[in-house]
Amino acid sequence: MNAVEREAFHEGEFVAKGKVKDQVFLIYLGDFCPTQYPIDLPETHTYRVEVIDIWEKTLITMLDRVNGRVMVPLLSKHHIAIAAIAAPHGC
């Protein structure tokens, strides 16, 4: 198993995902702690992508006004989440 296959295998064990229509996407990484994570966002909106550090109780905006396939830089820590929130129309 190469590094990419190993990462995909471990991701399946730890990652939980949810969404509300095309407005909000939430990904919890649990024990999986990569340095970056890809997200495929709809082209119909632009999104602010934030990293939620559960232990530090912080919210860090990593990307703003993005859509399509984006690579989110991460903190390389356990128990973080990623939130992608659609900007209101006209913004």
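A residue is called buried when its relative accessible area is under 20%, exposed when that value is over 50%, and partly exposed in between, as judged with a 1.4 Å probe and with protein chains only. Helices (H or I, at least four residues) and strands (E, at least two residues) are DSSP runs, numbered from the N terminus.

This is a predicted model, in which local features need pLDDT of at least 70 and side-chain atom pairs count only at pLDDT 80 or more, while totals for chains, interfaces and linings use all residues. Residues are numbered from 1 along each chain as its sequence is written, and side-chain values use heavy atoms, with hydrogens and water left out.

**The whole chain**

Of the 91 residues in the chain, 32% are buried. The chain exposes about 5800 Å², of which carbon and sulfur atoms supply 58%; accessible areas come from the Shrake-Rupley method with a 1.4 Å probe, and for residues only the protein chains shown count as cover. If you take contacts (heavy atoms within 4.5 Å) between residues at least 6 apart in sequence, 54% of them join residues at least 24 apart.

**The sheet**

Next, colour the strands of the open sheet, in which five strands stand in the order β1-β2-β7-β4-β5 with antiparallel pairing. The edges are taken by β1 (16-20) and β5 (58-66), and because each of them has a single partner strand, one side of each is left without a neighbour in the sheet. Neighbouring strands of this sheet are turned by 15 degrees against each other on average, direction ignored. Two strands are said to pair if DSSP finds at least two bridges between them. Strands of a sheet pair through backbone hydrogen bonds, either parallel or antiparallel.

Now select β1 together with strand β2 (residues 24-28), which pair in the antiparallel sense over five bridges. How many of the five residues of β1 are buried? The count is zero, and β1 is hardly covered. Within this pairing, Lys-19 has Phe-25 in β2 as its bridge partner, and Val-20 stands opposite Val-24 in β2. The hairpin of β1 and β2 has three residues between the strands, and there Lys-21 takes a positive phi near 45 degrees.

**The salt bridges**

Show the charged side chains next, since the structure holds four salt bridges, a salt bridge being a side-chain nitrogen of Lys or Arg within 4 Å of a carboxyl oxygen of Asp or Glu. One of them joins Asp-22 and Lys-19, whose closest N and O atoms are 4.0 Å apart; Asp-22 is partly exposed at 30% relative accessibility, whereas Lys-19 is exposed at 54%.

Move on to Asp-40 and Arg-69, whose side chains meet in a salt bridge of 2.9 Å, N to O. This pair links distant parts of the chain, with Asp-40 in strand β3 (residues 36-41) and Arg-69 in strand β6 (residues 68-73), 29 residues apart. Asp-40 counts as exposed at 53% relative accessibility, and Arg-69 counts as exposed at 56%.

Then select Lys-77 and Asp-53, a salt bridge in which the closest N and O atoms are 2.5 Å apart. Lys-77 lies in the loop between β6 and β7 (80-86) and Asp-53 in strand β4 (residues 47-53), so the pair ties together parts that are 24 residues apart in sequence. Is Asp-53 buried or exposed? Asp-53 is buried at 3% relative accessibility, while Lys-77 is partly exposed at 31%.

**A histidine in a loop**

Select His-45, which is found in the loop between β3 and β4 and is buried at 12% relative accessibility. Leaving aside residues up to four places away in sequence, His-45 touches Asp-22, Gln-23, Val-66, Asn-67, Ala-86 and His-89.

**A nonpolar patch**

Finally, switch to a surface view and select Tyr-28, Ile-54 and Trp-55, which form a nonpolar patch with about 340 Å² of accessible area together. Patches are made of residues with over 30% relative accessible area and no salt bridge, where like charges are joined within 9 Å and nonpolar side chains (Val, Leu, Ile, Met, Phe, Trp, Tyr) within 5 Å. Tyr-28 is found in strand β2 and counts as partly exposed at 32% relative accessibility.

Terms used: Axes are lines fitted to C-alpha atoms, for helices over the stretch in contact, and angles run from 0 to 180 degrees between N-to-C directions.
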